[in-house]
Amino acid sequence: MTSSIGGGTAPRTGSRLQQLVWNRRASSWDHGGVTGLGKVIDAVLEQARPTSGAVAVDLGCGTGSLALPLAERGVAVTAVDLSRAMVGQLEDKAARAGLSITTRVAPVEHLDLAAGSVDLVVSNYALHHLRDPDKQAVVEAAAGWLRPGGRLVIGDMMFGRGATARDRAIIGSKVMVLVRRGPGGWWRLAKNVGRFSFRLQERPVSMDTWVRYLEGAGLADVTALPVVAEAAVVVGTKR
Ligand SMILES: C[S@@+](CC[C@H](N)C(=O)[O-])C[C@H]1O[C@@H](n2cnc3c(N)ncnc32)[C@H](O)[C@@H]1O
């Protein structure tokens, strides 16, 4: 079941660019894009501790890496993404698997849910696309949607611009992988330097920053867990 939300509030330029990018990548996402994300997806699902009958929201759901396994475990999932094509892929997979998932095509920045209406807010590799104030605003909104005891679990690339040894190790290893690929990798490296330096599409922040956002939103027991390479999970519980 799909609906568009945020009617009347057109996506901002950044979101429109993301829509174009992800509509183009949708058909190939499951054949390359998502394949390296298995460990972080598993870590998010483990931290989410889903139980049958729970109500969950998946922010930036893509083709359903979290929404589908949650629905398989009896969770009532609303899956939100600004790319209609990504949501279309998710809906096809859910239909083939006989799973019922509510979908919404919208930027997560526009999502408006009733206070205290969900047990779980999850997200995987989507929120680094948001501007930093929007990340913080979405975390605050999510804290409001959660019932007491509910959990916010975010998996994402989490690193800063080189202030810590972990940042430098992640940036260094990304550079080396691309350098070793030869001219194609050098071109990709140049593009990534632009994207990350000017924070055009990729706007990761460090684990510490995510912890600050969740604690600032009043969540308890906030923990950040490195998973592999750049990937980490941050989790907090509604008091
Ligand atoms: C790297 S993919 C990850 C998709 C999925 N969560 C996964 O684990 O495979 C990022 C997703 O975030 C979505 N996205 C990016 N910015 C968004 C925004 N502001 N609101 C909603 N979705 C967004 C993209 O359309 C894309 O589907």
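In strand β6, arginine 151 is the bridge partner of leucine 120. The chain passes from β5 through helix α5 (residues 132-145) to β6, and this β-α-β crossover is right-handed; the term means that, with the strands pointing away from the viewer, the path from the first strand over the helix to the second runs clockwise. β5 and β6 (residues 146-157) run parallel and are joined by six bridges. Strands are said to pair if DSSP finds at least two bridges between them. Helices (H or I, at least four residues) and strands (E, at least two) are DSSP runs, numbered from the N terminus.

The model is predicted: local features need pLDDT of at least 70, side-chain atom pairs count only at pLDDT 80 or more, and totals for chains, interfaces and linings use all residues. Residues are numbered from 1 along each chain as its sequence is written.

Strand β5 also pairs with β2 (residues 55-59), to which four bridges join it, again in parallel. Here leucine 59 has serine 123 of β5 as its bridge partner. Strand β5 itself (residues 118-124) is mostly covered, with seven of its seven residues buried. A residue is buried if 20 or more other C-beta atoms lie within 10 Å of its own, exposed if 12 or fewer, and partly exposed in between, with C-beta atoms placed from the backbone.

The ligand is surrounded by 21 residues, of which the closest are Trp22, Gly60, Gly62, Ser65 and Ala126. A residue is near a molecule if its C-beta atom, placed from the backbone, lies within 6 Å of it. Helix α1 (residues 13-29) gives the most to this shell, with three residues. By class, the shell holds eleven nonpolar, eight polar and two charged residues. In this scheme Ala, Val, Leu, Ile, Met, Phe, Trp, Tyr, Cys and Pro count as nonpolar, Asp, Glu, Lys and Arg as charged, and the others, Gly among them, as polar.

Most residues other than glycine have a negative phi. Arginine 49, although not a glycine, has a positive phi of about 50°. Arginine 49 lies in the loop between α2 (38-48) and β2, and counts as exposed because it has 12 C-beta neighbours inside 10 Å. Alanine 229 likewise has a positive phi of about 50° without being a glycine; its place is in the loop between β7 (220-228) and β8 (231-237). With 16 other C-beta atoms within 10 Å, alanine 229 is partly exposed. Glycine 182, which follows helix α6, has a positive phi near 85°.
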